[in-house]
Amino acid sequence: MHHFNYIDKELYCEQVPVSKVAREVGTPLYLYSHATLLRHFRAFDGAFSGVKHLTCFSIKVNSNLAILRLFVREGGGGDIVSGGELYRALKAGMEPGKIVYSGVGKRVEGLEYALKSGILMFNVESIQEILKLNEVAGKMGKKARMAIRVNPDVDPKTHPYISTGLKENKFGIDISEAPEQYTVAAGLKNLKVSGVSCHIGSQLTEISPFIDTLRKLKKLIRRLGQSGMQIDYLDLGGGLGITYDREEPPHPKEYARAIKEEIKMEDLTLILEPGRVITGNAGILVTKVLYTKHATEKTFLIVDAAMNDLIRPSLYNSYHGIQPVKISGREKIKADIVGPICESADFLAKERYVEPHEPGELMAIMSAGAYGFSMSSNYNSRPRACEVMVKGDRFYIIRKRETFKDLVKGEMIPDFLS
Ligand SMILES: *Cc1c(COP(=O)(O)O)cnc(C)c1O
């Protein structure tokens, strides 16, 4: 469910014509629907009502301050993976006590910043990190609340690049080794063992891998309890999938019901780290067609958005719906939608049946609200796109389009070249 709909053959975001925003701010442009963001956050968070829980939005998925602020106002917390994300979370007004810190390669500066800020919990991913966190906390005279991110060896049945809970993945500590490493952590003066965490992958379309994981974690928690370790938090990570094409992921309600059923007897606070499921279908990428090229084998629609704006098709071969901003009714053609970047991997869609577009006509790349702008870059010296939020019949720029000047910010020509 989202608020991108046609009225009289014209695509609207809530009550605003998409073409109107494009005319005023230019393209390429990320467009988010406030009502959709809110609805998705509430649907997810609300599905867990009745159990002690904290919804920690995964900040890497969409880290715009305005979007983070919207979730903060709904009582949301955050899952961060870097010092930079902590900075954003705090800037957006997020309570430090609702922030958890994941990631395999946390830097000392990141650990210090998070300790100073008083975040809720560190999800540590290796024995060396356990020792480092203890050392850093000791130097600062602090006690760090921590969980071990366990790798439960469960197959999330998703794309290999976004699967994280298999033995061969770099993430977490093997669940069979976790008890031993928890014992090490519990013996360290500056650590407080508080939780067990995991995150098995992204774009999951079945509930069973989550439940298999949860059962393994419950067993671990029981075992730790027997060794005298009190676990207060069970962090189940993120990963719930969305519909890009024809996937049929479970509704957050079903997902929550299955989880609640498993933990109803436990005295734990559940932490959830949703990302994609909240913002994915709340944003689109609007682009302008520059040229159409009929090559011998294929037809290419060359647009002004590219892999630097949205890398998911190039990186994971992922599917994004392509829709006209104005339905022309012209007979559809089979085409590749490609960007201007000098890479053959620069495509947004392949072999799609789309209406032919004249130069200057607009196209919407659907489901671009997650891992879209946040993964964008300046490759080919392309200023990053503008981000806009629509609320009702108004729209608000939430990130200005970058300028050429922004592109060279921080670069310097040394004296010997002058
Ligand atoms: C990326 C990530 C998430 C969010 O995953 P989604 O599939 O977008 O819900 C949650 N937790 C951790 C640790 C992550 O790395």
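**The ligand site and a helix residue**

In this predicted model, a backbone N or O atom of G275 lies 3.0 Å from an oxygen atom of the ligand.

How much of the ligand does the protein cover? On its own, the ligand has 390 Å² of accessible area, and the protein covers 94% of that. As for its location, the space that the ligand takes is the largest pocket.

Let me turn to the surrounding shell. There are 15 residues around the ligand, and those that come nearest are K60, S202, G239, E273 and Y371. Which classes of residue make up this shell? Sorted by class, the shell holds 7 polar, 5 charged and 3 nonpolar residues.

I come now to H40. This residue belongs to helix α2, which spans residues 34–47. Is H40 buried or exposed? Its relative accessible area is 13%, and because the cut-off for buried is under 20%, H40 counts as buried.

Finally, a remark on H40 and P250. In sequence, the two are 210 residues apart. In space, their C-alpha atoms are 14 Å apart.

Thank you for your attention.

Key: Residues numbered from 1 in each chain as written. Predicted model: local features only at pLDDT ≥ 70, side-chain atom pairs only at ≥ 80, totals over all residues. Heavy atoms only, no water. Near = heavy atom within 4 Å. Polar contact = N/O pair within 3.5 Å; in protein donor to acceptor, adjacent residues only side chain to side chain. Areas by Shrake-Rupley, 256 points an atom, 1.4 Å probe, with all protein chains shown as cover. 1 Å grid on protein atoms, 1.4 Å probe; cavity = no way out; pocket = protein on both sides within 12 Å on 5 of 7 lines; lining within 4 Å. Sits in = over half its atoms within 2 Å of the grid points. Nonpolar A, V, L, I, M, F, W, Y, C, P; charged D, E, K, R; others polar. Helix = DSSP H or I, 4+ residues; strand = E, 2+ residues; numbered from the N terminus. Buried < 20%, exposed > 50% of the residue type's maximum accessible area, 1.4 Å probe, protein only.
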